[in-house]
Amino acid sequence: MKRDLENFSVQIMKQANLHISRYFQDSEHFFETLLVSDDLKYWAQANSYYRKMDQFVNMQESYIIPYVTYHHEALTVMLYSEHGEQFVYRSDAVRHLHLQTRYQLSEQLEKWDNGRTGIQRMVFLSEDYRDERSHPITTPILRYVTVQHIGQERIVAAMDLSLQYIQDLLNEIQLSPGSYAMIVNDSHIVTAPDMGLMHTEIKKSWHPIREQDDGYFYDQSGDEWVIFLPIPSLDWKVVVTVPNNELTRSIAKVRNWTILMTTCGLLVAVILIGIAASSITKRLKQLRHTIKRTITGNLNSPVDIHGTDEVAEIAAAYNHLLSRMDEVVSELTDTRVVQQRAVMSAMQVQIHSHFYYNALEAINSMAHLAGHQEIRQTAVSLSNLLRYTSNFQDTVVTIREEMRYLQHYLAIMKRVYQDAMSYCIAIDPAIEQAQCMKVLLQPLAENSFKHGYTCSEEGIHIEIRGWMKESEYGKQVYIRISDNGLGFSDVSLEKIREQLSAPVRGEDFTKLNKNVGLLNVLFRLKSFYGSDQTRLEAGRSEQGGAQFTISFPFIPQGGS
């Protein structure tokens, strides 16, 4: 009887113990993951209530909600900062259990902040939860709580789990009629289906539980057998008591039923495996034969296999692969041709740039000998302009470098238009070392000459201003280019704004690069920084001319 008791009870308890252990391990792993997440650090270091709320919402979407979706026992996740700010996530998975709205985590700090580090685990009967009618309800709770410092901030994080799931698992451990399961530590009952037993001392006659990791013994005082197993990674044990009088009657019955059910199960399994293996093997041979024909170059022999199982899905996928083979080969050929053209185009640009450098140096030397300083300065500006744009290695520069390039361009245009053109550049020194995409501003300045220049006495005046401002995404760089030219009509301005607000698709890249203009600038901004953090806005300047404002994230030189 002892041998049957050990073999039978250990098998059942190991299965239940596996579920209980997985329950605790999943909960602790989630809580530890939340504590070391970057979102919690950002939440602790946020300097306003609204930023903390944003970070807490991010934590809900990234960590809490995915966990609660599959673990309905999770009731509440709470965060509390030393400034008195408390954020609570209440799960609605268990409709009849909700933490009361006036609950304050700060009232419990003295119990937890006792100098201990790491995660503290507590089991207690809570009266802070309400049912669906907001009536108080007493429920067993497992709470994980920790007090830690992140930077200069001291925070408290806590998570409440309902022990109803554990109590249901304990109720399912039925070694015999009258058996009773519970979870204990070395001295007290941690939890049991009968909430009245929680936190009560275990019997003195149960001393083997304190001395051994697992096993069983006969308790004479209660005329019962006590079986216990440890919960991995915890200092708790699952204990089941079995009345002795029930054990003698149930063991033989359970053994006989187990043998009968196992035998029937094995017979059914053998029959089903034989049927399934025969069907799968037959169709796999057919698929293998078709694949051999494909290896020889015959791409027009699809597999004729039907059904709804995995083999049929593989056959359907293989047929789809064959139907797409010619198209993929054609696309690959076209891609190789485009790549070769791109390489030849880049080589041609590089060859042309060396020719231009030499020609401009010759012009510079002749102008110097002839004493024509304006021609010499124009040649130098044009040479610098060409070197800047023909360097394909650096696609990101600083705003200072981009402004230096723009000044070379404007200096050339100044010599072309003489007194009919003037410009002004005012850039905040704080953004000069910020990263900027190459050749970002010149297309906008060029629009002023193409569409805004008039032959009036006033001429055209271009203003370039740059500054930095805080936004919902952090620090943003703003650069505005405006002129006093012809400006836009209402119809033209509305059309431009519609084009700038429309989504830019990746397949339009080739088309956009053929016309370096507003849409090309917008596409490059959104491709590099993301759609939500960049803007290109069109409007009218105070002088009635055109005005374009670019905004993008402030990233210092060397940042990412």
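Me: What is the relative accessible area of H199?
Reply: This is a predicted model: local features need pLDDT of at least 70, side-chain atom pairs count only at pLDDT 80 or more, and totals for chains, interfaces and linings use all residues. Residues are numbered from 1 along each chain as its sequence is written, and side-chain values use heavy atoms, with hydrogens and water left out. Buried means under 20% relative accessible area, exposed over 50%, and partly exposed in between (1.4 Å probe, protein chains only). H199 is partly exposed, with a relative accessible area of 44%.

Me: Is the phi of H199 positive or negative, and what is its value?
Reply: Most residues other than glycine have a negative phi. H199 lies in the loop between β8 (189–191) and α6 (207–211); helices (H or I, at least four residues) and strands (E, at least two) are DSSP runs, numbered from the N terminus. H199 is not a glycine, yet its phi is positive, at about 70 degrees.

Me: In which loop is Q418?
Reply: Q418 is not a glycine but has a positive phi of about 60 degrees. Its relative accessible area is 40%, so Q418 is partly exposed. The loop with Q418 runs between α10 (399–417) and β13 (421–427).

Me: Which are the edge strands of the five-stranded open sheet?
Reply: Two strands pair if DSSP finds at least two bridges between them. The open sheet has mixed pairing and the order β13-β15-β16-β18-β17. Two strands pair on one side only, which makes them the edges: β13 and β17 (535–540).

Me: What is the phi of G544?
Reply: β17 and β18 form a hairpin, with five residues between them. G544 is in the turn, and its phi is positive, about 95 degrees.

Me: At what angle does helix α11 run to β15?
Reply: Axes are lines fitted to C-alpha atoms, for helices over the stretch in contact, and angles run from 0 to 180 degrees between N-to-C directions. Contact means heavy atoms within 4.5 Å. Helix α11 (residues 442–452) lies across β13, β15 (460–471), β16 (474–483), β17 and β18. Its angle to β15 is about 145 degrees.

Me: Which backbone nitrogen does the N484 side chain reach, and at what distance?
Reply: N484 is in the loop between β16 and α12 (490–501). Its C-alpha atom is separated by 6.0 Å from that of I460, 24 residues apart along the chain. Beyond four places in sequence, its contacts include E458, Q543 and G545. The N484 side chain reaches the backbone nitrogen of H461 at 2.8 Å.

Note on methods:
Polar contact = N/O pair within 3.5 Å; in protein donor to acceptor, adjacent residues only side chain to side chain.
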